[in-house]
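Please keep the sequence and the model in view while reading.

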Amino acid sequence: MTTLRQRRASKGKESAAAAEVQPQHPNCCTHHRPGGSLQGDWSWGSIIWTSVGLSVSVGLGLLCCIYVATLHENDLWFSNIKELEREISFRTECGLYYSYYKQMLQAPSIQEGLLELIHDNLTESRRTINLLQRMNIYQEVFLSVLYRLLPIKTYLEPVYFYIYTVFSLQAVYVIALYLTAWLLSGSWLAGTLAGVWYILNRVDTTRVEFTISLRENWSLPFLALQVATITCYLRPQLTSFQQKVMVWLMYVTTFCFCLTWQFNQFILLIQALIIYTLDCVDLLTTTQVTTLYLVQVSGLLSVWLLQFCNSMILGSLVLSFIVAALFVRHCQTDLKVGGLLVRLSKILLHSVLVFLLTFTINYLTKKALQVRSDEHIFKFIKSKFALRPTRDFDASLYLCEEAFGLLPLDTLERLADTLLLFPYVPTLLLLSGTLAVAAFRNLSCSEGGSAEEKKGAAEAFRSDVAYNLLHTLLYGLVAFSTMRMKYIWTGHMCAVAAHGMCSAELWTLLLRTLRCNSRTLLRIVRCAVPLLIVGFLYFKFWPKLMNELSELREFYDPDTVELMTWISTKTPKQAVFAGSMQLLAGIKLCTGRVLTNHPHYEDKDLRDRTRQVYQVYARRSPEEVYGILRAAGADYVVLENSICYERRHRRGCRLRDLLDLANGHIMDGPGENDPDLTPAEHPRFCEAIQTDGAAYTALFSRTFQNKTFHVYRLKKKRRKTPRSPAEPAATP
């Protein structure tokens with residue numbers, strides 16, 4: 001929607017801890033760590049070093065926040081452009097979400113604003129929907145209420161309050177990764193390394209500077225905090241009070257994560273699979289497993305209540321899986337009894353029962369509640385891993401986008417350039433091998449084994465490290481299969497790689513292999529290696545960052561500005577607009593007009609309507625298109641040349657091609673077509689209407705056009721008055 005123009009005259013962006021063979025003396029890399037404080041170490045040395053570590057974490061978080069805020073300002077010259085241009089810069093669904101923040105601020109009162117959201121008839125024409133139930137927009141509601149109550153209106157514009165809040169969450173994200181690395185390795189230098197890597201790999205760790213309102217930018221910081229609290233909860237030797245505090249923190253972070261992103265159920269499903277796996281190999285106690293499951297269920301059900309009993313949450317796979325896992329675990333009491341082969345066969349049977357029960361519960365729940373909101377996601381997954389192409393419009397819409405394709409190899413090249421990939425891979429291999437050995441020992445430990453055997457099996461691998469290892473492995477697989485999901489993986493990847501560089505266990509293993517293991521050398525290596533890496537990264541990337549921050553550009557999209565200005569001044573306030581999802585989100589934000597469809601795709605009826613509205617880019621007769629638009633309640637339709645004459649995607653992935661395939665028509669241009677496709681009887685509507693043919697002018701009148709957009713008003717059909725039988729016929 002927007003382009004960037006170079007600014008003129010600008011130059012110049014439960015198990016016990018694995019015992020270390022060598023006792024460690026107090027230093028910044030070992031003794032003085034959060035674990036010491038959690039275990040009651042309140043010596044002056046521990047307090048000082050912990051304070052230093054926490055101060056560094058806050059400093060890195062603020063640095064990241066300022067960095068992305070500066071990039072956003074420099075890319076758009078945000079402080080200098082008009083309010084309309086600022087709103088246009090919220091692209092696609094970002095504009096839709098931000099419009100509700102704006103709507104709440106413009107409401108006469110907080111109560112009236114909430115009622116407007118609960119009974120909304122502007123987002124979808126001819127429908128009244130509960131936006132708080134349908135969408136995850138509580139963050140916009142919370143910020144608007146906060147802005148109304150705080151005495152900051154004189155000093156801070158609403159848009160800055162919004163974007164600064166989102167940028168501040170990046171600071172929270174960095175601090176959470178910092179704490180995770182610190183807890184895993186016992187050294188706050190690992191946290192420093194994780195924070196530096198996150199900032200330097202900004203292209204692959206976040207896209208917040210140009211997609212501010214995306215739900216993931218709100219939710220991923222809370223996910224990182226949740227992982228940090230789980231890591232702390234799984235550490236050994238916590239007191240009962242500390243465990244209760246961690247459980248509550250896990251619940252709060254899980255709740256915030258679920259509340260801010262509609263795809264929370266899929267992320268939590270992977271977490272539940274991690275917990276299930278660790279339970280099967282005896283790396284978690286029964287209490288820990290049950291607690292972690294119940295935290296997830298509590299978070300989801302709390303959001304379910306806040307979202308007015310959103311059926312999509314009850315129909316989620318993760319809830320069905322947790323219920324099935326707990327039920328089968330309760331029934332199969334002898335799961336952890338027997339030798340290796342017996343245990344493996346029991347785990348296999350246990351898993352089959354759990355997954356069968358999961359799909360049964362999920363199927364019955366969706367049938368009973370008639371949940372169809374997320375079926376497009378499962379269509380996408382099914383089509384992505386199918387061996388033949390699909391003609392399903394919704395699935396193809398995702399499959400044809402680069403963001404939903406495989407992770408490109410240049411991502412790994414960038415990660416290697418910052419030295420992140422090099423320690424990450426060996427750390428992953430070493431930890432995976434150690435985990436496999438620990439799992440083998442645990443499964444081989446029969447019920448009648450000695451106490452020493454059981455203790456040795458329990459100490460084979462730390463639970464917190466095991467959780468983070470499986471976390472990065474599974475989310476890494478998801479990232480490789482779908483590029484857009486890499487932002488969940490790459491941030492945690494920084495913490496795991498940093499742990500590998502500062503872990504006493506891994507360095508002890510390596511030094512033993514080299515036969516030079518000593519207490520002094522271990523301490524030196526754990527401090528020197530991260531410091532050397534940070535120093536190298538500083539000298540290599542600091543000039544590049546300064547050069548990036550010196551690049552000044554400005555927002556430039558005159559065609560969209562002209563369109564929004566015309567709509568605001570020349571059309572009725574209750575006028576209904578049809579068009580592409582992305583453009584309509586901007587129209588909702590900039591003009592407040594009613595929409596026929598929008599980018600929040602988690603509704604079956606909306607998906608069907610969107611597919612119908614998009615027939616303006618298909619080969620359909622003017623009468624058919626007119627009927628479709630009238631059925632949706634449209635008064636105006638906006639056609640975009642960038643879609644009608646699209647060249648960005650390859651043949652078969654252009655929007656007009658997807659529509660042709662769904663309609664059974666042959667696609668444009670040279671290339672093969674399936675034998676069952678037939679030529680269309682009508683020309684492409686978006687092209688033919690511009691010829692002003694009689695069939696088109698009888699139903700549509702052009703009211704606005706520029707180089708990018710064409711707006712047509714739907715004419716009202718005249719009703720023919722039936723002639724009375726007694727009335728004589730007209731004389732020729």
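## Basis of the description

This is a predicted model, in which local features need pLDDT of at least 70 and side-chain atom pairs count only at pLDDT 80 or more, while totals for chains, interfaces and linings use all residues. Residues are numbered from 1 along each chain as its sequence is written, and side-chain values use heavy atoms, with hydrogens and water left out.

Helices (H or I, at least four residues) and strands (E, at least two) are DSSP runs, numbered from the N terminus. For accessibility, buried means under 20% relative accessible area, exposed means over 50%, and partly exposed lies in between (1.4 Å probe, protein chains only).

## The largest cavity

A cavity is here a set of points, on a 1 Å grid over the protein atoms alone, where a 1.4 Å probe fits but cannot get out; lining residues have an atom within 4 Å of a point. Grid points are joined across faces, edges and corners, and a volume is the space filled by probe spheres set on the points. The largest cavity holds about 70 Å³ of space.

Its lining consists of Tyr173, Leu177, Leu220, Leu223, Ala224, Val227, His471, Ile488 and His492. At least two lining residues come from each of helix H8 (158-185), helix H11 (215-233) and helix H24 (486-502), and H11 gives the largest share, with four residues. Seven of the lining residues are nonpolar, two are polar and none is charged. In this scheme Ala, Val, Leu, Ile, Met, Phe, Trp, Tyr, Cys and Pro count as nonpolar, Asp, Glu, Lys and Arg as charged, and the others, Gly among them, as polar.

## Aromatic pairs

Rings of Phe, Tyr and Trp (its six-membered ring) pair if their centres lie within 6.5 Å; planes under 30 degrees apart count as stacked, over 60 as edge-to-face and the rest as tilted. The structure holds 36 aromatic pairs. The pair of Tyr276 and Phe355 is edge-to-face because the ring centres are 6.3 Å apart and the planes stand at 70 degrees. This pair links distant parts of the chain, 79 residues apart: Tyr276 lies in helix H13 (residues 264-280) and Phe355 in helix H17 (residues 340-369). Tyr276 is buried at 6% relative accessibility, whereas Phe355 is partly exposed at 32%.

Trp566 and Tyr636 also form an edge-to-face pair, with 6.2 Å centre to centre and 85 degrees between the planes. Here helix H27 (residues 558-570), which holds Trp566, is linked to strand E5 (residues 636-640), which holds Tyr636; the two residues are 70 apart in the chain. Trp566 is buried, at 15% relative accessible area, and Tyr636 is buried, at 9%. Elsewhere, ring pairs join Phe90, Tyr98, Tyr101, Tyr162 and Trp218 into a cluster.

## Charges over rings

A charge sits over a ring if NZ of Lys or CZ of Arg is within 6 Å of the ring centre and within 35 degrees of the ring normal. The charged end of Arg86 is placed over the ring of Phe78, 5.3 Å from its centre. Arg215 lies over the face of Tyr97, at 3.8 Å from the ring centre.

Most residues other than glycine have a negative phi. Arg515, although not a glycine, has a positive phi of about 60 degrees; Arg515 lies in the loop between helix H25 (504-513) and helix H26 (519-550) and is exposed, at 78% relative accessible area. Asp692 likewise has a positive phi of about 60 degrees without being a glycine. The loop between helix H33 (685-688) and helix H34 (694-697) contains Asp692, which is partly exposed at 42% relative accessibility.

Helix H28 (residues 581-591) is mostly covered, with ten of its eleven residues buried. Among them are Met581, Leu584, Lys588 and Thr591. Just after H28, Gly592 takes a positive phi of about 75 degrees.

## Annotated regions

An unreviewed UniProt entry lists eight stretches as "transmembrane region", including residues 181-200 and 340-364. UniProt positions follow the numbering used here, feature names are shortened, and annotations may be inferred rather than shown by experiment. In the model, residues 181-200 are 90% helix and 0% strand, with end C-alpha atoms 17 Å apart. Residues 340-364 are 100% helix and 0% strand, and their end C-alpha atoms are 36 Å apart.

Leu341 is placed in helix H17 and is exposed, with a relative accessible area of 68%. Leu341 and Ser444 are 103 residues apart in sequence but 8.4 Å apart in space, C-alpha to C-alpha.

Conventions
On a 1 Å grid over the protein atoms alone, a cavity is a set of points where a 1.4 Å probe fits but cannot get out, and a pocket is an open set with protein on both sides within 12 Å along at least five of seven lines; lining residues have an atom within 4 Å of a point.
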